[in-house]
Amino acid sequence: MSRLEAGRNLTHQVTYQLGAAIVRGEYSVNDPLPTEAELCEQFDISRSVVREAVKMLTAKGLISSRPRQGIRVQPNHRWNMFDEDVLEWTLSSRPSLSLLREFTELRIGIEPEAAILAARKQNRERIADIEKALLRMEAAERGHDDPLEADIAFHSAILLASENRFFIQLRNFIQTALRVSIASTNQMKGVSVASEADHRTVYEAIAKGDVEGAGKAAVALLEEALQLIDAAIAARRTETA
């Protein structure tokens, strides 16, 4: 490995450790982080590595770095939640029910429209991929496939079938967040696998070119998840009242 590659790897390691610590709340908002010199000592790294890590975290919206103010943690509404690292750090730190609700609200704004576009555009190869994912979900119900991966493959295939470049570019973001949100809502529902029959309704509408039906079926899936989250939020409020 060259010195340049080693430096880049070290920068990413420091960025990851600091970013995860910020998301976990180990540093308070607007309080100064350790100085460059202190970070150099803490991680046993050079100032150039610290500066590169600070640049990366600033680009992700986690911190600000200004003369005479030092390095400060930004409020979470300024974080770039579409950054896959930020999303992974947030989800791995036991995401709140309110965050799961916000993510589900985002899905309601995206996935039904993707299903509508898939039904309208009728790319048979892409629709066949949706069916393959559905068959994986069916196999998962019998214990022959991974239920979470099959579910994610289904939703991802619909985004691809939309043939909308903006939706397709959201695929990695959606996949990352689904790993937590699906597991959480399935647990709330008291099941270990998602309902293949409910997802089949979405697929069949898309395959038939039923634009209205595809949108409604996709909304119904997500509304159920939203209701489960809202019920969990209400229960938690009752417990703490």
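Is Asp 230 buried, partly exposed or exposed? Asp 230 is partly exposed, at a relative accessible area of 31%; here buried means under 20% relative accessible area, exposed over 50%, and partly exposed in between (1.4 Å probe, protein chains only).

The structure is a predicted model, in which local features need pLDDT of at least 70, side-chain atom pairs count only at pLDDT 80 or more, and totals for chains, interfaces and linings use all residues. Residues are numbered from 1 along each chain as its sequence is written, and side-chain values use heavy atoms, with hydrogens and water left out.

A salt bridge is a side-chain nitrogen of Lys or Arg within 4 Å of a carboxyl oxygen of Asp or Glu. By this rule the model has 17 salt bridges, including those in the table.

| Salt bridge | Closest N and O atoms |
|---|---|
| Asp 230 and Arg 101 | 2.5 Å |
| Arg 24 and Glu 26 | 2.8 Å |
| Glu 138 and Arg 142 | 3.9 Å |

Asp 230 pairs with Arg 101. Asp 230 belongs to helix 11 (residues 211-240) and Arg 101 to helix 5 (residues 97-121), so their bridge ties together parts that are 129 residues apart in sequence. Helices are DSSP runs (H or I, at least four residues), numbered from the N terminus. Arg 101 is partly exposed, with a relative accessible area of 23%.

Glu 138 bridges to Arg 142. Through shared partners, salt bridges join Glu 138, Arg 142, Glu 196 and Arg 200 into one network. Within it, Glu 138 is partly exposed at 31% relative accessibility, whereas Arg 142 is exposed at 52%.

Glu 26, the partner of Arg 24, is exposed at 51% relative accessibility.

Methods: Helix = DSSP H or I, 4+ residues; strand = E, 2+ residues; numbered from the N terminus.
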